[in-house]
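Good morning, everyone. Let's take a quick walk through one protein chain. Please have a look at it first.

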Amino acid sequence: MPRFRIAKLFDVCDPVEGPRFSSDHPRRDDPEERQRILEFLNDGPVVIRAAGRTEDRYDPSKGAAVPIVTQTDGEWIWNAGHAYYLANYGLALEPDFHNHIRNKGHRVEEPSRERVVEALRFLQAEQARQGGRQARLTPEVWGSLRGVA
């Protein structure tokens, strides 16, 4: 099976200010398509779940509102922020990830437990490669991880 792809969430990952969306980030306005995408995102098996929530990077006045959950369908890896920002602000997914979801008929094909563990190991290795050490997958680190692996 091929390596994983990590769904990009933020447009910019500033080392000082952290990740953020650009002012021209595309939106997904069709409510039916948004709902189909949300069902896919929410149905992915959990790879990592952390207690608490992280700051809403689109509207900081909402505080810690974004769940800290990472999911996979065995091909792509995404975090709960994708569903959160789509549901609350209509912020679109990156085109390749959206096309993947469409090509799957908006249905998650349940990966094996071994494949979910491979996703966890992949994320840990990718973080270690980019950060020089294996640390917690914080929103800032997640935002800095890049697309294809």
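Let's begin with the charges. The structure holds 8 salt bridges. Keep in mind that this is a predicted model. Why do such pairs form? Side chains of opposite charge can pair when their charged atoms come close.

Take lysine 104. Its side chain meets that of glutamate 75 in a salt bridge, at 2.8 Å from N to O. Where do these two sit? Lysine 104 is in the loop between α3 (95-103) and α4 (113-131). Glutamate 75 is in the loop between β5 (64-72) and β6 (76-79). They are 29 residues apart, so this pair links distant parts of the chain. Lysine 104 is partly exposed, with a relative accessible area of 23%. Glutamate 75 is partly exposed too, at 28%.

Lysine 104 has another salt bridge, with glutamate 109. Here the N to O distance is 3.9 Å. A salt bridge needs that distance to be within 4 Å, so this pair counts. Is glutamate 109 buried or exposed? It is exposed, with a relative accessible area of 51%. The cut-off for exposed is over 50%, so glutamate 109 qualifies.

Next, helix α4. Glutamate 118 forms a salt bridge with arginine 115. The closest N and O atoms are 2.6 Å apart. How are the two placed along the helix? They are 3 residues apart in helix α4, which means that about one helical turn separates them. Glutamate 118 is partly exposed, at 38% relative accessibility. Arginine 115 is buried, at 6%. Buried means under 20%, so arginine 115 belongs in that class.

There is also a network of salt bridges. Which residues does it link? They are Glu33, Arg36 and Arg102.

Now the overall layout. The protein chain has 5 helices and 6 strands. Along the sequence, the pattern reads β-β-β-α-β-β-β-α-α-α-α.

On to the sheet. How do strands hold on to one another? Strands of a sheet pair through backbone hydrogen bonds, either parallel or antiparallel. In this model, 4 strands make an open sheet, in the order β1-β6-β5-β4. The pairing is mixed. Which strands stand at the edges? They are β1 (5-6) and β4 (46-55). Each has a single partner strand, so one side of each has no neighbour in the sheet. Arginine 5 stands opposite tryptophan 76 in β6.

A helix lies against this sheet. Helix α2 (residues 80-89) packs on it and touches β4, β5 and β6. The direction of α2 makes about 130 degrees with that of β5.

One more residue: glutamine 35. It is in helix α1 (residues 31-43). At 41% relative accessibility, glutamine 35 is partly exposed. Now find alanine 83. Glutamine 35 and alanine 83 are 48 residues apart along the chain. Their C-alpha atoms are separated by 9.8 Å.

Last, the whole chain. Of its 149 residues, 44% count as buried. The chain exposes about 8100 Å², and carbon and sulfur atoms supply 46% of that. What about contacts?

Terms used: Residues numbered from 1 in each chain as written. Predicted model: local features only at pLDDT ≥ 70, side-chain atom pairs only at ≥ 80, totals over all residues. Heavy atoms only, no water. Buried < 20%, exposed > 50% of the residue type's maximum accessible area, 1.4 Å probe, protein only. Areas by Shrake-Rupley, 256 points an atom, 1.4 Å probe, with all protein chains shown as cover. Pairing = 2+ DSSP bridges. Contact = heavy atoms within 4.5 Å. Axes fitted to C-alpha atoms, helices over the stretch in contact; angles between N-to-C directions.
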